[in-house]
Amino acid sequence: VKVGGNSQDNAGSFFKVGWQSCARTDKGVSAVGNVVGVKVNLDPELLTKVNAVLPDDIRVFEIARVTRSFSPKNHCTSRRYIYTLPVSILCKDGESYSDKKKELFQQTMNQYLGTHKYHNFTNRKGPNDFSNPASARHLISIEVTDTLSYEGGDWVQVILQGQSFVYNQIRKMMGLAIMIVRHSASASVVSALFTKRKRWVPMAPALGLFLERAFFDFYNERAKSPSSPLTFETSQEARRTFKESVIIPSMVSQNAKEETFKHWLEEILPLDVDAMVVEEGEDDLYDGRAGKVAGRQLRADKALEGSSHNTEAESEQTAAPQATQVIETAESL
């Protein structure tokens, strides 16, 4: 309203402007490539005007005209997330992040590729049931990057692209993978979590995760003038700059101040990764000290859920209001 994109009559009503986002994120998770559908008044200067009234850590990168039936959530064919973490949590005291560690990290992440049941990677009712079709998710690609240097420290990124993700899925995928690599356990531990038996999985901090980009392949094949294909090529450099100058420095700074990953690791350390692979019929996942750790972390996970109002990407598809514009946005939390 302030910049003339909408009338005062529509102010304060998401329904009236047809607002819908492509993906929603957990509390503490950032986004550099979310897509929002909203009805606005066309103005060649709207992009500049909107950014002029936004804080520096919230940006709109592109505004594109779309079809009347466009839904950023339902027309999205896949989403790409990046998880950034310090290499120190992948190594025990006295160890270094070697090529062998990186190879194990990639092998572990590769276990997630394809279609699997992620009922053990969420506490959301529905997808947490093995028999529920909503528990099945498809991962298209996963890449573990080379070591990166930020603020004098060594970090590594995991780039994940999938059709959609259930509540807390990526953070639990990362939590399990971190522990496998740290303890040099077998990557096959992951496949045990896709079976029917319920198991607890550690959930990595929200701090390292951000939504990098959304893809609209099927929509783009059918998009006709005056609508535009949603490729986001014109904002590619701006998004990269925002990621490198705002989002990642914010993550690194917050971790340095609050020691987020260090405190998380202290809670997880006694966990026996190999004990996660149990035989059918056994009553307990863990015994002794490790069992107490699992129980304490499960309570912590539930507490985190209570403070998280959104999801990495919604697990259920719902009807959406029509949108006539799409705005690609970025924000750092």
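Start by colouring by pLDDT, the predictor's confidence in each residue, from 0 to 100. This is a predicted model, where local features need pLDDT of at least 70, side-chain atom pairs count only at pLDDT 80 or more, and totals for chains, interfaces and linings use all residues. Numbering runs from 1 along each chain as its sequence is written, and side-chain values use heavy atoms, with hydrogens and water left out.

The average pLDDT is 81, and 78% of the residues score at least 70. Now select 313-327: pLDDT stays under 50 there, yet the model gives this stretch 66 contacts (heavy atoms within 4.5 Å) beyond four places in sequence. Residues 329-333 are also below 50, with 32 contacts beyond near neighbours in sequence.

Switch to cartoon for 8 helices and 10 strands (DSSP runs numbered from the N terminus: helices are H or I, at least four residues; strands are E, at least two).

Next, zoom to Asn-120, in the loop between strand 5 (114-117) and strand 6 (136-144). Is Asn-120 buried or exposed? Buried, because its relative accessible area is 3%, and buried means under 20% (exposed is over 50%, partly exposed in between; 1.4 Å probe, protein chains only).

Show its side chain. A polar atom there sits 2.7 Å from the backbone nitrogen of Arg-199, and a 3.4 Å polar contact links the side chains of Asn-120 and His-119. A polar contact is a pair of N or O atoms within 3.5 Å; within protein, one must be able to donate a hydrogen and the other to accept it, and residues adjacent in sequence count only if both atoms are side-chain atoms.
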